[in-house]
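Hello,

Here is the structure I promised to pass on. Please open it first, then read the notes below.

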2 protein chains.
Amino acid sequence: MKIEVPKSKASRLVNPGEVILVSSAYKDKSNIITLAWHMPISKDPALLGIAVAKSHFSYELIKESEEFIINIPGFDILKEVIFCGSTTGRKADKFKESNLSAAKAERLIKTPVIKECLGHIECSLSDVKDIGDHGLFIGEVIYAAAEKDLFGEAWHIDKAKLIFHFGGALFTTNAEKIDIS
Amino acid sequence: MKIEVPKSKASRLVNPGEVILVSSAYKDKSNIITLAWHMPISKDPALLGIAVAKSHFSYELIKESEEFIINIPGFDILKEVIFCGSTTGRKADKFKESNLSAAKAERLIKTPVIKECLGHIECSLSDVKDIGDHGLFIGEVIYAAAEKDLFGEAWHIDKAKLIFHFGGALFTTNAEKIDIS
């Protein structure tokens, strides 16, 4: 079961730097992209940035719809994550061709969340800046949620196995927890 | 021994989303900050972004010097990484008070690299945008290097143990390699 994560803690959903799936939708089109290039940018207001190549289908969708959702996949769906990162949404409906399901978001109307993910951050587009060959989409956190058993003050490192992408075909997950408190 | 990493591959040094140490210097002042909020933004030109709180000493230094260096620490220096993340450079000379040593950068003149780190990305400031309560510093990669035994096409996951910050006092490193090729 997923429970709400306060906006002030939403950045912790992506603080580890793990791979995310970004869902977007406009009119009758939707898409999912796999991204490692993202980060929190501001605490108050709660803003996050994602870098999307200008040539990508999601770049158009997010620019039109002015919203996007960051979904955090667990290591168990690595196969789907790789599929979404290696297929263009112009030719494939990734929701139909993967084992991922679209579910109604809590606050956003247009964009679906990916049901199989461990957490979500619903973002309203605050700004977009073209920087080099990518668009930097800055999203304001509207609502965030995570699996109750996997997230408290942060992801429970020993339970929430996230995906980290080192480049090319190389992936890993988190090792055991080090608590320095 | 560290060897040069081509600019086109420099983003892979930070692609995993690991914790970095950013060094900066202006006139007779230098500083080190610990950051999890960073990402590559563009492939060509090779640009990276770091988010630095407006109130931080490094924000001033980087704005004045127009350069910064991303240093990638290994898990063995977690103690120094935590020190640099919990002490202000306004009151402490972090190079003197930690076990970290400043070494001459390859290309940049003002900013030192942190010798004990596994790799470095020397950046010239391309732009800075204030977004919410942080400054987004966009750096163009001028030169990058990494330990020869730890980096090839990407970090060797089984040898290069990076630091991932889940929030608060919670840290971990990378688990074993998954190669999907």
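Two residues count as in contact when their C-beta atoms, placed from the backbone, lie within 7 Å. Helices (H or I, at least four residues) and strands (E, at least two) are DSSP runs, numbered from the N terminus.

This is a predicted model: local features need pLDDT of at least 70, side-chain atom pairs count only at pLDDT 80 or more, and totals for chains, interfaces and linings use all residues. Residues are numbered from 1 along each chain as its sequence is written, while chains are lettered from A and ligands numbered from 1 in the order in which they are written.

**One helix.** Take α2 of chain A, residues 78-85. A:Glu80, A:Val81 and A:Cys84 are buried there (20 or more other C-beta atoms within 10 Å of the residue's own).

**The contact.** Chain A and chain B each give 46 residues. On chain B's side, β4(B) gives the most, with 5 residues. Strand β12 (residues 170-172) of chain A runs antiparallel to β13(B), joined by 2 bridges (strands pair if DSSP finds at least two). A:Leu170 has B:Asp179 as its bridge partner.

**The symmetry.** A rotation of 180° with 0.0 Å of shift along its axis superposes chain B on chain A, RMSD 0.0 Å (least squares on C-alpha atoms of residues with pLDDT of at least 70 in both). The two copies are thus related as by a two-fold rotation axis.

Best wishes

Key. A residue is buried if 20 or more other C-beta atoms lie within 10 Å of its own, exposed if 12 or fewer, and partly exposed in between; C-beta atoms are placed from the backbone.
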